[in-house]
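Please look at the following structure.

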Amino acid sequence: MFFIDIMNFPFGGGCDTCAPRLRQGAQAMQLFTIPRHPRHAQIETLLRERILILDGAMGTQIQSLGLAEEDYAGHGGGCACAHHTDHPQKGNNDLLILTQPKAVEDIHFAFAMAGADIVETNTFSSTFIAQADYGLEKAVFDLNYKGAQIARAAMDRATEIDGKPRFVAGAVGPTNRTASMSPDVNDPGYRAVSFDELRRAYGEQIRGLVAGGSDLILIETIFDTLNAKAAIFAALEAFAEAGQRLPLMISGTITDASGRTLSGQTPTAFWHSVAHSRPFTVGLNCALGAAAMRPHMAEMAGVANTFTCAYPNAGLPNAFGQYDETPDQTATQVAEFARDGLVNIVGGCCGTTPDHIAAIAEAVASFPPRVVQA
Ligand SMILES: [Zn+2]
């Protein structure tokens, strides 16, 4: 069979249209030759032995602390002062990395001791796009860098106690804008954000997460695949700069009964849209409880030739926006994912506590991990 050796393609030639495309293609191929992060092999070995456990909802734990505006803003000390702004900060959970680092570390630690092998940094909204709501665009690198360090410290604390290896996943949220749809029903062609703006925002975030010591990068709660593609692009650029490639975890969100993401993709379509990045894991999180997520996870597990990861909410929210599923209820349903060979990593999203994670860890312990088809 004839094929072009793209790495050695003579880029001096080619027409104006083809040459830049080929050059971009070669650069993209070169990204896959960057050495893997040193802990990649260790996680992979563990994943072939057993189902690994991801943590639960940081937001649910933070809510239970009942923090006030001054706790968030950290006036009276703390490094938020370096990024001083007059915007109210209550509800800016990511900022607690700078203003209440001990509280954030203790939550990570609680999840680790409950059985989580992997914890997510508290950086879901740490992009200049999402932080613009709080006037803290300039704090973004610090949030991600210190967010990873705090999670790492909590994991090391837990490992000192029981000797188990633990990993930090740098969490990358979808931002509060969507690149492939218009927020204005009267102007369907309008976009509140561009691919390139997202790429820059995610690039800044991921550089901070990598520099802070993350072992993996988790692009999660993806409702718009175009946003995720910008995050993937930014991640690969950041890995190239750092000279090492971290395992990428990619997690979509099915938002309603039609079984599609907000941008209209089924799990199969979603997989094919992100497969080019050779993700370490692909899966689903949020929006649905385990029971409703199950058929979509089964579809994903059927098509993806990589590890899978599922972390549903603790059921659906009640009228007050709270989650009623008990740890046993959630764990029983997640155990069915494991029994049916759908998952390699499981955890919890909105409403899940350390007790949920402990129950999930116990419930899946006896099941072998899903076998990845080549
Ligand atoms: Zn969630």
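This is a predicted model: local features need pLDDT of at least 70, side-chain atom pairs count only at pLDDT 80 or more; totals for chains, interfaces and linings use all residues.

Q: What makes strand β6 largely enclosed by the rest of the structure?
A: Burial takes 20 or more other C-beta atoms within 10 Å of a residue's own. Nine of the nine residues of β6 (residues 281-289) are buried, so the strand is largely enclosed.

Q: How do you know that strand β5 pairs with β6?
A: Pairing needs at least two bridges. Four bridges join β5 (residues 248-252) to β6, and the two run parallel. Take S251: its bridge partner in β6 is G283.

Q: What joins β6 to strand β7, and which way do they run?
A: Six bridges join β6 to β7 (residues 307-313), and the strands run parallel. Pairing asks for at least two. In β7, A310 is the bridge partner of L284.

Q: Which helix does the chain cross through from β6 to β7, and what is the hand of the crossover?
A: The chain passes through helix α12 (residues 290-303), and this β-α-β crossover is right-handed. β5, helix α11 (residues 267-274) and β6 also make a right-handed β-α-β unit.

Q: Why is α12 called roughly parallel to helix α13?
A: The helices pack at an angle of about 10 degrees, with axes 10 Å apart. Angles under 35 degrees count as roughly parallel. That makes α12 roughly parallel to α13 (residues 327-339).

Q: Which residues meet where α12 packs on α13?
A: From α12 come A290, A291, R294 and M297; they meet T330, Q333, V334, E336 and F337 in α13. The contact residues divide into five nonpolar, two polar and two charged.

Key. Residues are numbered from 1 along each chain as its sequence is written. A residue is buried if 20 or more other C-beta atoms lie within 10 Å of its own, exposed if 12 or fewer, and partly exposed in between; C-beta atoms are placed from the backbone. A crossover is right-handed if, with the strands pointing away from the viewer, the path from the first strand over the helix to the second runs clockwise. Axes are lines fitted to C-alpha atoms, for helices over the stretch in contact, and angles run from 0 to 180 degrees between N-to-C directions. Angles under 35 degrees count as roughly parallel, over 145 as roughly antiparallel, 65 to 115 as roughly perpendicular and the rest as oblique. Two residues are in contact if their C-beta atoms, placed from the backbone, lie within 7 Å. Ala, Val, Leu, Ile, Met, Phe, Trp, Tyr, Cys and Pro count as nonpolar, Asp, Glu, Lys and Arg as charged, and the others, Gly among them, as polar.
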